[in-house]
Amino acid sequence: MIIAANLKTNLTRKETKAYVEELDNYMKKNSIAQEVLVFPAMSSLDTFDSSVVIGAQNAYATKEGAFTGEIGEVHLEEFGIKTILIGHSERRHILGETQEMLVEKFNYYKELGYKILYCVGEPLEKREAGKEEMMEYIQAQYEGIDTEYEKLIIAYEPVWAIGTGLTPTLQDIEEIHTALKEKSKAPLLYGGSVKVTNAKEVLALKNVDGVLVGSAALYAEHFCSMIGFAEELQN
Ligand code: PGA
């Protein structure tokens, strides 16, 4: 399974170092065989001697250049980073990244052989508009994306469930995941208010290959428990 932590705009460089160390210790002590990904804030990216895979929350589709406020490939290469998150709903909806921009970014990092964690998910009004409209909305987020890319991981994250404490029912998650698996055979994670209290049942669902965790992952102890659940379920 794949257990991923999106640290968003949290944890300083020093805090991130301690966080990754704690995860690494837990994984070694418990002989964890699951894939653990951590996406720190940009300024906390670094080279870590750890079994945790570090990824970037964002980077521009460029090697380097004049793109104020952005980082490029050279900045990831410096730390040996080969994993990137693309299409997170906060970048789509708060930062205004369009599908075209995401496709450009996707293709750029795909060309370089990066592992790409690509996020899809519907806002509340689309969910309330009914299944057909909701699936059409999600389908549009697959446009231009190579769904057969061998290093692709997809995360289904309903926008209304992110950071709100709300989650779809387990049945809903399983149903949507089953429908999304038709679009791509890539590992499919669920994200949106995953916590220690619900992670185990979500991970146990059919067609759920892991979780992408935001707020609850900020507590290393909680995140480690979720890694432990995934390990248990795989054994
Ligand atoms: P959340 O965030 O766990 O705080 O809901 C998930 C995400 O944004 O990836």
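I began with the largest pocket, and its volume comes to about 380 Å³. For the search, a 1 Å grid is laid over the protein atoms alone; a pocket is an open set of points with protein on both sides within 12 Å along at least five of seven lines, a cavity is a set where a 1.4 Å probe fits but cannot get out, and lining residues have an atom within 4 Å of a point. Points are joined across faces, edges and corners, and the volume is the space filled by probe spheres set on them. I found 16 residues lining the largest pocket, with K8, T9, Q57, N58 and R91 nearest its centre. By type, that lining splits into six nonpolar, six polar and four charged residues. Here Ala, Val, Leu, Ile, Met, Phe, Trp, Tyr, Cys and Pro are nonpolar, Asp, Glu, Lys and Arg are charged, and the others, Gly among them, are polar.

**Ground rules.** I noted that this is a predicted model, where local features need pLDDT of at least 70, side-chain atom pairs count only at pLDDT 80 or more, and totals for chains, interfaces and linings use all residues. Residues are numbered from 1 along each chain as its sequence is written, and side-chain values use heavy atoms, with hydrogens and water left out.

**Cavity.** How many cavities of 30 Å³ or more are there? I got one, and the largest cavity has a volume of about 40 Å³. Its lining includes G87, H93, C119, Q141 and E157. Two elements give two or more residues to this lining: α3 (89–93) and β5 (115–120). Helices (H or I, at least four residues) and strands (E, at least two) are DSSP runs, numbered from the N terminus. The largest share, three residues, comes from α3. I sorted the cavity lining too: three nonpolar, five polar and two charged.

**Core.** Next I checked the largest nonpolar core, which has 63 residues; Y19, L23, I116, Y156, L180 and F223 have the most contacts inside it. Helix α9 (residues 220–234) gives the largest share of this core, seven residues. A separate second core of 11 residues includes F39, L85, A155 and L212. Such a core is a set of buried Ala, Val, Leu, Ile, Met, Phe, Trp, Tyr and Cys residues joined through side-chain atoms within 4.5 Å. Buried means under 20% relative accessible area, exposed over 50%, and partly exposed in between (1.4 Å probe, protein chains only). I then looked at L23: leaving out residues up to four places away in sequence, L23 touches V36, V38, V52, A220, F223, C224 and I227. Contact here means heavy atoms within 4.5 Å.

**Rings.** I counted six aromatic pairs. Rings of Phe, Tyr and Trp (its six-membered ring) pair if their centres lie within 6.5 Å; planes under 30 degrees apart are stacked, over 60 edge-to-face, and the rest tilted. Y108 and Y109 pair edge-to-face, 5.0 Å centre to centre with 75 degrees between the planes. Y109 also pairs edge-to-face with Y114, at 4.9 Å and 70 degrees. Which of these are buried, which partly exposed? Y109 is buried because its relative accessibility is 0%; Y108, at 22%, counts as partly exposed. Y114 is buried at 2%. Elsewhere I noted F106, Y118 and Y149 as one aromatic cluster.

**K200.** Last, I found K200 in helix α8 (residues 196–203). K200 has 38% relative accessibility, so I wrote it down as partly exposed. Beyond residues up to four places away in sequence, K200 touches F229, E232 and L233.
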